[in-house]
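Reader: Please take a close look at one helix pair in this model and at the core around it. I would like the cut-offs stated along with the values.

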Amino acid sequence: MRCYDLMRFSPVAGTRDPVMGRMLDQLFVRIRHWAVSLFVLHEESDQGKKGIRWRDNLPFVLFHIAPLGVLWVGWSAFAVLFAALYYLVRMFAITAFYHRYFSHHAFATSRFFQFLFAFWGCSAMQNGPLWWAAIHRHHHIYADTEKDLHSPRIQGFLWSHIGWILAAENKRIRVEYVRDWLKYPELIFLENIAYAIPIVEAGIILIIGHVLSLYRPDLNTSGPQLLVWGFFISTVACSHATFSINSIDHMYGSRRYDMPNTSRNNVWMAILTLGEGWHNNHHHFPITARAGFYWWEVDITYYLLVLFSWLGIVRNLVPLPDEIRDSKHLT
Ligand SMILES: [Zn+2]
Ligand SMILES: [Zn+2]
């Protein structure tokens, strides 16, 4: 009888089957290499990568076709409400954590919550926090110059909204902009598995819908219906609302501050993105935890961060000094 001590990665002495033993050894070595590689950030070169290659973006295209499934699954009040709530939960993760925390250090938190916030952000299917923060920091440095990756003034609306995401040269993590985060192996691990997280969540949503169809038929939902509304429609909406800060919020709205870029303050975008629409404010003083600079500039993300600080989850929210708020006004 063959007997293997799996914990020791090798056959037990005296029972070695040479062929099977070699195969198992190779398998374990591969698994170990794969596990270790998940904690390593792979710095890719962007040499020779330019423009949109459609075959690289097939998942993104299919992801945008998936909401058409609504033609087959219909709708229910429960599914629509679920989609709206899941949109808000993940929009908050993008604005509070990917943007204000990982891109700008606008507040502090513990390492445990830092990991949790990164995980939460991955749910929005906008890559990992390091890719996101690096792209965004690059934008703040080069906004509306030839080097900006998504400027509607330079490259037009369509490119600034969605084209740049599809471009081969923007798939890599710009490690040079996020060196401050590289000391956290758990963040690198999340970066490497970022796409697996929303896929697992999609599976869970499908199961929830199926279970509800069995035990709460009065809700008129089903697994496929909840998947289409709660995952596909909600995620596509959350993605495009985020993309709109780069496109619409550099084209439409008012300008309070005198700056060389085209950023605007747009109340509709502020509502849709829980505060990010005050983009002209934000370009003026990016490190503060708030984007709405006056009490009437609704900034749900900031209100929730204040609540989180009261609960001890975050601390040291970077304030907005009055002299900065009142400087460089256009009017
Ligand atoms: Zn901007
Ligand atoms: Zn920013």
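Author: The secondary structure of the protein comes to 15 helices and four strands, where helices (H or I, at least four residues) and strands (E, at least two) are DSSP runs numbered from the N terminus. The model is predicted, so local features need pLDDT of at least 70 and side-chain atom pairs count only at pLDDT 80 or more, while totals for chains, interfaces and linings use all residues. Residues are numbered from 1 along each chain as its sequence is written, and chains are lettered from A and ligands numbered from 1 in the order in which they are written.

The C-alpha atoms fill a box of roughly 85 × 50 × 45 Å along the principal axes. Of the 331 residues, 36% are buried; a residue is buried if 20 or more other C-beta atoms lie within 10 Å of its own, exposed if 12 or fewer, and partly exposed in between, with C-beta atoms placed from the backbone.

Now the pair, H4 and H11. Two packed helices are described by the angle between their axes and the distance between the axes. The axes of H4 and H11 come within 8 Å and cross at roughly 35 degrees; axes are lines fitted to C-alpha atoms, for helices over the stretch in contact, and angles run from 0 to 180 degrees between N-to-C directions. This crossing is right-handed, that is, the near helix is turned clockwise from the far one by less than a right angle. On the H4 side the contact includes Phe 82, Tyr 86, Arg 90 and Ile 94, and on the H11 side Leu 226, Trp 229, Ile 233 and Ala 241 are among the residues met. Contact here requires C-beta atoms, placed from the backbone, within 7 Å. The residues of this contact divide into 14 nonpolar, four polar and one charged, counting Ala, Val, Leu, Ile, Met, Phe, Trp, Tyr and Cys and Pro as nonpolar, Asp, Glu, Lys and Arg as charged, and the others, Gly among them, as polar.

The largest nonpolar core has 61 residues, and Ala 93 and Phe 97 have the most contacts inside it; such a core is a set of buried Ala, Val, Leu, Ile, Met, Phe, Trp, Tyr and Cys residues joined through C-beta atoms within 7 Å. Helices H4 (77-103) and H11 (223-246) are among those that each supply at least two residues of this core. The largest share, 14 residues, comes from H4. Leaving out residues up to four places away in sequence, Phe 97 touches Phe 102, Phe 117, Ala 118, Trp 120 and Gly 121.

Conventions. Contact = placed C-beta atoms within 7 Å.
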